[in-house]
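Student: I should like to learn how to read a protein model. May we go through one together, feature by feature?

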Amino acid sequence: MNVLITGGTGFIGRKLLKKLKDNKKYDLSILDRKENNSDCFVFGDLMDYESLKDKFNEVNVVVHLAYSPNYPENILMIENLIKICKENKIEKIILLSSMSAKRNYPRSEERRVGKECRSRWSPYH
């Protein structure tokens, strides 16, 4: 199974990558906009849709860990990710996050953007 991890150079991504590599059941790729020396590194920026077009071929599962401290950038990243996954008929998107991803958002901005996102993507809100 081919697994692509966005934000795989971050704290959680590094831990996940090590665990999945140890398992040896998966062909792994790390998509990140910060280059690193990993043997499975793929350069791409979720805010730049054009940079993603050839990165998701043959991918079965995406684990989304990428994060920006700028809330609107996070929205753009997830929109681009969903679009590219639909185009490539990717079976699963797994979204992981942590409380530190929430720390920098002003409450008023969070409410305004958060309501917009919930109404657009979730039938439950």
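Tutor: The protein chain has 3 helices and 5 strands, where helices (H or I, at least four residues) and strands (E, at least two) are DSSP runs, numbered from the N terminus. Along the sequence their pattern is β-α-β-β-β-α-β-α. The model is predicted: local features need pLDDT of at least 70, side-chain atom pairs count only at pLDDT 80 or more, and totals for chains, interfaces and linings use all residues. Residues are numbered from 1 along each chain as its sequence is written, and side-chain values use heavy atoms, with hydrogens and water left out.

Student: What span should helix α2 have at 1.5 Å a residue?

Tutor: The expected span of a helix is 1.5 Å times one less than its number of residues. Helix α2 covers residues 71-87, so its 17 residues should span 24 Å; the end C-alpha atoms lie 25 Å apart, which agrees. Just after α2, Lys89 has a positive phi of about 55°.

Student: Which residues of α2 are buried?

Tutor: Buried means under 20% relative accessible area, exposed over 50%, and partly exposed in between (1.4 Å probe, protein chains only). An α-helix has 3.6 residues a turn, so residues three or four places apart point the same way. In α2, the buried residues are Tyr71, Asn74, Ile75, Met77, Ile78, Asn80, Leu81, Ile84 and Cys85. Of the 125 residues of the protein chain, 38% are buried.

Student: Is Ile94 buried or partly exposed?

Tutor: Ile94, in strand β5 (residues 92-95), is partly exposed, with a relative accessible area of 37%.
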